[in-house]
Amino acid sequence: MKWAILPRMDKTSSHGSGSHGLNISVTRDGDEVFRDTLSVPVELGRVDLTAGEAECLDTLRPGPEATRLPVAEPSESSVSRKQVRIEGLANDCVRLTNLSRTGPVRFGNRPLLPAGQTAEYPLPVEILVGRATIIVTAEFDPTTSGTLQTLQSPTPLAGSSESVGHKDLSGLRAEAGQGHIRWWRNMIGVLQSAASSDDFFHKAAAAVVELVGLDLGAVFLHGDQGWRPAAIRTAGIMSARPSTSVLARLLAEKRTFFSCSDTQMDVTASLASLDAFVTSPILDREGHVIGAIYGHRVQGSGGAPNITELEALLVETLACGVAAGLSRLDQERSSLARKVQFEQFFSAELAEQLDSHPDLLAGRDAEVTVMFCDIRGFSSVTERLGPTQTMDWIGGVLSPLSDCVAGTGGVLVDYVGDELMAMWGAPTPQPDHAIRAGEAARAMLRAAPEIDSIWQQVTGATTAFGIGINSGLARVGNVGSRRKFKYGPLGNCVNLASRVQGATKYLRVPAIVTGVTRRLLDNSFRVRRLCSVRVVNIAEPVDLFELALDEQGDATGLFAAYEEALTAFDAGRFATAVRILGELLAGTPQDGPAQVLLSRAAACLIEEPMTFSPVWTLPGK
């Protein structure tokens, strides 16, 4: 660690009667590299080689205008040679001036200060200059701090493996009598409560008074607006205002401080008899000070006149317990937010599993089955209903269809207007992903009559939908953004599933699966081969199969006759295909695929094409 020490100046220097010193701490790349009390004004900026500055953090003697402190290397071109000027004010405030002509001054927790502007802030202030973080606090003069002491080892971070048991307690063993053993037992009880309840602020403040034996115990939280009390417990003291200079030093150094016989401290008049204090930082997982436990003992009270190192260690242990409790609450809130987010897409059981193992959501290649389900006649219905009733109708239709997806362990990937997109096979592997998708499609077909009966009187039309399903390899993961999570698949497999859904309109059936999916289904599914098609933007032909319900009457004869006609058509025997289809439609005139194939066969019979392909190029999506 490099320390650059500047000779101290008298507070009533040539900078004016209002000028006084400030604590300046500089951290670069995570390491503290400078700390000293400098006379103000102080000027921060990039090393100025033309002015004889040799290196970063090589302080110069005070000049006629300000003490100069270069905090950025010559190569850091984003920092001006003169970036910011710091002037001390009364009441622990500073005036900051942005000396740069272009860039703003950045802070750790305050709005940007634009170029050329000046503003006043209460201390402490955290300024960001290039790779350096500068913390400015009120001057804390060790010569007037009585017997100010600090625990030598740093305060552990929330959630870290370090504990009081890892500290070097060899110097404290002589104090560990039966009374102190009782302290530790009670302390364990307080920390256990912090792990299971959200009132640890009050328990910690009470422990400072009842276990450590101080006259006041308090928990203060630190944020954008400075310090605020979260819990206070007193033993006859009316005021709980802490020393601002002590908290400022705690904020800068992140250590536990304790003192005795400190009559020069910055305290209110009601605490003028304060004899000793102790304060310990509450740190988050990143090492930021988010609060402090504070306690003091008044001169002449029943306790011992001094704060011992063991008492300070007890307070630090409480601070670590509070930090752990806050970390737990933060984790619980994050977990709840993730679970709510996950349950928009996944079943409750899968959402629970993903919350415990979020790595399952990492992008990867997986064999999946993808479904698109589109509501028919959307535009004409919305024109009649208007926006409000349209939203009710879409929600009333998509909700039961979504239940069919969730009931088979599928992922609700997205809603796009009147279309639902779902997936099986990820994030957890499902070897039977195609069968699950087929079961979901059959459940949707069975739900269709009830859905239509509910909404037909409202819409004035039949509510129907088309389902397209395809299986294959896809890249699955978060296909959304950092702002909006959306878990789903990407790839040709997905594009083809969307085109297959569109093919239901041309082939006049409610549900179609591709040949790949058909091979993955078991014998419980009733299907018929419809034809081979070439869809928009996909060159390779694909075989399409209708997915039908067993409840659709006696379809065995219908499907067999259609297959016979399709075989004849594919072989170029158009007259035979027309004859078979004519007989089929005489018995079942409503069969859409037979109508379409008859039209194609008749057209070929009339036109007698020079070259013939049984692959039908669909006219649209």
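**Pro 427 sits in the loop that runs between strand β19 (419-424) and helix α8 (433-459).** The model is a predicted one, in which local features need pLDDT of at least 70 and side-chain atom pairs count only at pLDDT 80 or more, while totals for chains, interfaces and linings use all residues. Residues are numbered from 1 along each chain as its sequence is written, and side-chain values use heavy atoms, with hydrogens and water left out. The names of helices and strands refer to DSSP runs numbered from the N terminus, where a helix is a run of H or I with at least four residues and a strand is a run of E with at least two. Ala 426 and Pro 427 are joined by a cis peptide bond, with omega at about 10°. Another cis peptide bond links Leu 123 to Pro 124, with omega at about 0°, and Pro 124 is placed in the loop between β8 and β9 (125-129).

**Lys 254 and Arg 508 are loop residues with positive phi.** Lys 254, in the loop between α3 (244-253) and β14 (257-260), has a phi of about 60° although it is not a glycine. Arg 508, in the loop between α9 (492-507) and β22 (511-514), has a phi near 60°, again a positive value in a residue other than glycine.

**Helices α6 (residues 378-385) and α7 (residues 387-407) cross obliquely.** Their axes, which are lines fitted to C-alpha atoms over the stretch in contact, come within 7 Å and cross at roughly 135°, where angles run from 0 to 180 degrees between N-to-C directions. The two helices are therefore oblique to each other, because angles under 35 degrees count as roughly parallel, over 145 as roughly antiparallel, 65 to 115 as roughly perpendicular and the rest as oblique. With contact taken as heavy atoms within 4.5 Å, Phe 378, Val 381, Thr 382 and Leu 385 of α6 meet Pro 387, Gln 389, Thr 390, Trp 393 and Ile 394 of α7. Sorted by class, this contact holds six nonpolar, three polar and no charged residues; Ala, Val, Leu, Ile, Met, Phe, Trp, Tyr, Cys and Pro count as nonpolar, Asp, Glu, Lys and Arg as charged, and the others, Gly among them, as polar.

**Five strands make an open sheet in the order β4-β3-β5-β6-β8, with mixed pairing.** Two strands are said to pair if DSSP finds at least two bridges between them. The edge strands, each of which pairs on one side only, are β4 (67-72) and β8 (118-122). Neighbouring strands are turned against each other by 25° on average, with direction ignored. Strand β3 (residues 42-46) runs parallel to β4 and is joined to it by five bridges, and Glu 43 has Arg 68 in β4 as its bridge partner. Leu 69 is also placed in β4, and it counts as buried because its relative accessibility is 0%. Between Leu 69 and Leu 38 there are 9.6 Å in space, C-alpha to C-alpha, although they are 31 residues apart in sequence.

**Another open sheet of five strands has the order β2-β1-β10-β9-β7 and antiparallel pairing.** Its edge strands, pairing on one side only, are β2 (31-38) and β7 (106-107). Strand β1 (residues 22-28) and strand β10 (residues 132-138) run antiparallel and are joined by seven bridges. Ser 25 in β1 has Ile 135 of β10 as its bridge partner. With a relative accessible area of 6%, Ser 25 is buried; leaving aside residues up to four places away in sequence, Ser 25 touches Glu 32, Phe 34, Arg 35, Thr 133, Ile 134 and Ile 135.

**Strand β20 (residues 465-478) is largely enclosed by the rest of the structure, because 11 of its 14 residues are buried.** Strand β17 (residues 364-375) runs antiparallel to β20 and is joined to it by 12 bridges, with Met 371 opposite Ile 469. β20 also pairs with β22 in the parallel sense over three bridges, and here Gly 468 stands opposite Ile 512. Four bridges join β20 to the antiparallel strand β21 (residues 487-490), where Leu 490 is the bridge partner of Arg 475.

Methods
Buried means under 20% relative accessible area, exposed over 50%, partly exposed in between (1.4 Å probe, protein chains only).
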